[in-house]
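The following account leads the reader through one structure, step by step. Please keep the sequence and the three-dimensional view at hand while reading.

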Amino acid sequence: MRSLSLPALLLLAAGCASTPIPKDKLAVAEQAVQRAEAAGAAEHASGDLALAREKLAQANAAADEETSKAATEVTRLAEQSAADARLAEARAESAKAQKAVTEMEDGLRALREEASRPVQR
Amino acid sequence: MKLHMKFMALAALTALAAGCASTPKNIPALEQARQDVRTAQADANAQRYAAKEIEESARLLTAAETAFKERQDVAEITHRAYLSTQTAKVAVELGKTKSAEERIAQSSAERERIRLEARTREAEAATAAAQSAQAQAQAAGSQLAIEQQRRAQLEEEMEALNIAAQRSDRGIVVTLGDVLFDTGKAELKSGAGRQLDMLGKFLQEHPERQVLIEGFTDSVGSDEYNQELSRRRAEAVRSALRSRGVDESRIDVQGYGEQFPVGTNADAGGRQLNRRVEVILSNGSEPVPPRARL
């Protein structure tokens with residue numbers, strides 16, 4: 001068996017290492033989008049969710065090209081997609097909490113009015 | 001003129017050089033990130049509830065600033081700045097969410113307070129209404145109102161006589177505790193005298209009222225023995241009242257043994273409560289109805 005020369009080996013290794021598509025980043029973004037959807041972002045933060053989905057789709061498309069340029073592109077798109085999705089989720093949670101506060105305050109106001117109404121005999 | 005031309009050329013050259021370095025002085029995303037991180041850091045709710053996210057956004061901003069200083073690719077600087085911006089916004093939203101949740105948690109106390117106030121007001125209104133109804137009924141000569149008033153008056157009198165009395169459907173119940181008797185004995189101790197004096201005085205002042213005396217024991221001892229003991233104790237109270245001028249024909253006596261306990265028989269305190277004699281004074285002139293058997 002003939003052994004490869006050292007420079008050839010290095011070249012090969014470098015070639016292999018030059019296009020590591022960051023699968024983990026894609027998975028993180030995917031999960032973040034799902035969490036946002038589960039939190040009701042489609043209703044409460046549709047813009048942010050759309051952005052996150054779009055970037056995730058672009059990242060997935062870029063991941064099919066196995067070049068070092070694509071790897072950088074995938075990383076950035078996936079990271080931004082995850083960031084957008086997290087914001088969408090946070091906005092959805094915040095909107096829901098705000099709605100609950102409004103309802104609670106309406107309830108308290110009604111209760112106060114009821115409590116201060118003259119008692120009927 | 002010549003000098004001016006020279007200057008222009010220099011300026012153009014400088015601009016060109018800056019272009020070559022490919023890092024402009026201002027990158028909008030970076031400006032934006034600085035502003036958003038400042039906003040998050042100044043937000044009281046974010047400070048309180050999203051310290052981790054604020055820290056993360058600041059860290060990402062530092063990464064963007066570093067890339068900017070190192071004159072890296074604009075795309076990389078913009079990317080880092082964007083992540084910083086989004087994280088800072090998450091911090092602000094998180095702060096809003098948590099403070100809203102806090103408000104909701106506190107609202108149940110507020111709700112309770114309002115309810116309590118309402119209940120108090122209702123109770124006061126009900127009392128006022130009852131008082132005015134009583135006044136009206138009395139003015140109309142209503143028998144019921146007079147009866148109610150009479151009973152209230154009676155209770156006051158008994159209170160004045162220092163007799164612990166409770167109102168029940170069957171009449172006014174005066175409980176004589178077991179301290180009036182020695183264990184297993186049916187003779188009244190001398191300490192019982194004062195209470196019985198008052199009871200006798202009261203009955204003399206209200207000759208229409210009938211009396212039922214009921215004796216009870218705890219669960220210690222046989223049923224027959226307890227039955228007998230409870231009856232003898234009730235009878236002892238009857239003769240005590242008779243000797244205080246109460247006509248015997250007004251008084252019925254009943255022994256119930258260990259039935260109808262008012263406390264647990266599992267401990268000494270409960271058993272002491274169960275060893276008692278209850279004197280029931282009729283509401284009207286009818287005899288006090290007996291208890292339904294268990």
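**A pair of parallel strands and its surroundings**

In chain B of this predicted model, strand β3 (residues 211-216) and strand β4(B) pair in the parallel sense, with 5 bridges between them. One of these links can be located by residue: B:Val211 has B:Ile251 in β4(B) as its bridge partner. The two strands also belong to a right-handed β-α-β unit, in which helix α8 (residues 223-242) of chain B is the helical part.

Strand β4 of chain B covers residues 251-255. Which of its residues lie on the covered face, and which on the uncovered one? B:Ile251, B:Val253 and B:Gly255 form the covered face, whereas B:Asp252 and B:Gln254 form the uncovered one. In a regular strand, side chains point in turn to one face of the sheet and then to the other.

The wider chain may now be considered. Chain B contains 9 helices and 5 strands. Read from the N terminus, its elements follow the order α-α-α-α-α-α-β-β-α-β-α-β-α-β. Of the 294 residues in chain B, 35% are buried. Among contacts in chain B with a separation of 6 or more, 72% join residues 24 or more positions apart.

Nonpolar side chains in soluble globular proteins tend to be buried together. The largest nonpolar core here has 25 residues, and those touching the most other members are B:Leu176, B:Ile213, B:Val237, B:Leu241, B:Val279 and B:Leu281. At least two residues of this core come from each of α6 (143-160), β2 (172-177), α7 (193-205), β3, α8, β4 and β5 (276-281) of chain B. Helix α8(B) gives the most, namely 5 residues. Leaving aside residues up to four places away in sequence, B:Leu176 touches B:Gln195, B:Leu196, B:Val237, B:Arg276, B:Val277 and B:Val279.

How many residues does each chain bring to the contact? Chain B brings 26 residues and chain A brings 28 residues. The area buried between the two chains is about 2,400 Å², and carbon and sulfur atoms give 63% of this area. Across this interface there are 4 salt bridges. A salt bridge joins the side chains of A:Arg76 and B:Glu76, with an N to O distance of 2.6 Å.

Note on methods:
Residues are numbered from 1 along each chain as its sequence is written. Chains are lettered from A and ligands numbered from 1 in the order in which they are written. This is a predicted model: local features need pLDDT of at least 70, side-chain atom pairs count only at pLDDT 80 or more; totals for chains, interfaces and linings use all residues. Side-chain values use heavy atoms; hydrogens and water are left out. Buried means under 20% relative accessible area, exposed over 50%, partly exposed in between (1.4 Å probe, protein chains only). Helices (H or I, at least four residues) and strands (E, at least two) are DSSP runs, numbered from the N terminus. Two strands pair if DSSP finds at least two bridges between them. A crossover is right-handed if, with the strands pointing away from the viewer, the path from the first strand over the helix to the second runs clockwise. A nonpolar core is a set of buried Ala, Val, Leu, Ile, Met, Phe, Trp, Tyr and Cys residues joined through side-chain atoms within 4.5 Å. Contact means heavy atoms within 4.5 Å. Buried area is the accessible area (1.4 Å probe) that two parts lose on being put together, summed over both.
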